[in-house]
Amino acid sequence: NPPYTTDLFADRAIAFIKANRATPFFCYVPFNAVHGPLRREEAPRDSAKPEWLDYYEKRGVPQPRRDYNAVMTHADARIGDILKTLRELGLEQNTLVIVHSDNGGILHTYPSNNGPLRGGKGETYEGGIRVPAMMQWPGVIPAGTVSAANAAHFDVFATILDAAGLPVPAKNGRHPLRGVSLLPHLRSAGQLPIPDRYLFWDLYGDCGALHGDWKLVGQIGNHRGRFGEAADEAARTKFELYNLKDDLGEKNNVADKFPAIYADLKKRHLDWLRGAAK
């Protein structure tokens with residue numbers, strides 16, 4: 001049988017770390033788990049390894065979620081192997097480890113579960129964009145630190161540069177660098193706040209904007225990268241507004257109750273879209 005990509009990626013990462021143990025290194029491990037193809041009615045074949053399927057069968061998890069969970073747990077176990085390698089090589093104290101997923105679970109084709117969050121992958125509701133993220137750096141990040149601050153994937157770039165002692169550039173090509181280093185926030189056990197900022201999303205017309213507890217969500221047509229046209233359509237489209245502190249499940253659209261907050265977030269999102277068109 002051909003090897004599982006999860007094992008290929010993890011084994012190569014471990015070999016790379018061992019080969020570069022004596023020098024600074026950057027190791028990027030982009031597992032494609034959990035991803036398709038996965039078991040479904042029209043294709044009743046398992047994607048997971050038998051031992052992980054057995055693990056969940058013994059716990060009474062039915063198909064197709066059994067296959068989904070097994071694939072996920074396999075990836076988790078291999079992350080554990082990478083962490084064990086760092087520990088065994090004496091590199092744990094001198095290595096920043098960042099683990100996060102790319103988006104929320106898919107709901108329309110996979111047996112995902114995003115808990116209390118609305119929506120899933122491909123949407124800008126919290127179920128699509130809120131993901132777990134863990135960072136480890138013994139002696140630098142206090143153990144047990146928990147933060148609910150609003151960070152984004154693009155902050156990883158600035159954080160890694162900061163950890164390596166390299167300056168964070170103001171621009172990435174012709175675009176301004178949006179991310180900030182999370183290390184000051186992490187070093188303080190979450191007490192030093194991340195700089196106040198607005199965060200924006202667009203995925204083929206699924207729009208979102210966030211500032212503090214306030215979240216804007218809207219849908220326009222697939223603009224296929226024509227951001228000027230996207231901004232024009234978004235300007236004509238009524239978006240939704242949620243207060244995530246009171247309504248994490250985004251059930252209560254309060255756009256009409258807070259017109260000033262709505263207008264501010266909407267204008268900033270439109271400006272961001274038009275900036276992408278330049």
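Which residues of the largest nonpolar core touch the most other members? The close-up views below, all taken from a predicted model, begin with that core and then turn to the sheet, the helices and the aromatic rings.

**View 1. The largest nonpolar core, which has 17 residues.** Leu-216, Ile-220, Ala-234, Phe-239, Leu-241, Tyr-262 and Leu-265 are the residues that touch the most other members of this core. At least two core residues come from each of strand E6 (206–211), strand E7 (214–219), helix H7 (227–236) and helix H8 (259–276), and H8 gives the most, with four residues. Apart from this core lies another one, of 10 residues, which includes Ala-48, Tyr-56, Tyr-68 and Tyr-110. In soluble globular proteins, nonpolar side chains tend to be buried together.

**View 2. The surroundings of Leu-265.** When neighbours within four places in sequence are left aside, Leu-265 is in contact with Tyr-198, Ala-209, Leu-210, His-211, Trp-214, Lys-215, Leu-216 and Leu-241.

**View 3. The open sheet of four strands, in the order E5-E6-E7-E8.** The pairing in this sheet is antiparallel, and strand E5 (199–203) and strand E8 (240–243) stand at its edges, each with a single partner strand, so that one side of each is left without a neighbour in the sheet. Neighbouring strands are turned by 15° against each other on average, with direction ignored. Five of the six residues of E6 are buried, and E6 is therefore largely enclosed by the rest of the structure. H8 lies across E5, E6, E7 and E8, and runs at about 60° to E5.

View 4. E6 and E7 run antiparallel and are joined by six bridges, and here Leu-210 has Lys-215 in E7 as its bridge partner. The hairpin of E6 and E7 likewise has two residues between the strands, and Gly-212 in this hairpin takes a positive phi near 60°. E7 and E8 pair in the antiparallel sense over four bridges, with Val-217 standing opposite Glu-240 in E8.

**View 5. The buried residues of H7, which are Ala-230, Ala-231 and Ala-234.** These residues cover an arc of only 100° around the axis, which puts them on the same side of H7. The buried residues of H7 pack against H8.

**View 6. Aromatic rings, of which the structure holds eight pairs.** The pair of Tyr-55 and Tyr-56 is edge-to-face, at 5.0 Å centre to centre and with 80° between the planes. Tyr-55 counts as partly exposed, at 33% relative accessibility, whereas Tyr-56, at 15%, counts as buried. Between Tyr-68 and Tyr-110 the ring centres are 6.2 Å apart and the planes stand at 65°, so this pair is edge-to-face. Because Tyr-68 lies in helix H3 (residues 65–88) and Tyr-110 in the loop between strand E1 (97–100) and helix H4 (126–129), the pair ties together parts that are 42 residues apart in sequence. Tyr-68 is buried, with a relative accessible area of 9%, and Tyr-110 counts as buried at 17% relative accessibility. Ring pairs also link Trp-52, Tyr-55 and Tyr-56 into a cluster.

How values were computed
Residues numbered from 1 in each chain as written. Predicted model: local features only at pLDDT ≥ 70, side-chain atom pairs only at ≥ 80, totals over all residues. Heavy atoms only, no water. Core = buried A, V, L, I, M, F, W, Y, C linked by side-chain atoms within 4.5 Å. Buried < 20%, exposed > 50% of the residue type's maximum accessible area, 1.4 Å probe, protein only. Contact = heavy atoms within 4.5 Å. Arc of directions from axis to C-beta. Pairing = 2+ DSSP bridges. Axes fitted to C-alpha atoms, helices over the stretch in contact; angles between N-to-C directions. Phe/Tyr/Trp six-rings, centres within 6.5 Å; stacked < 30°, edge-to-face > 60°.
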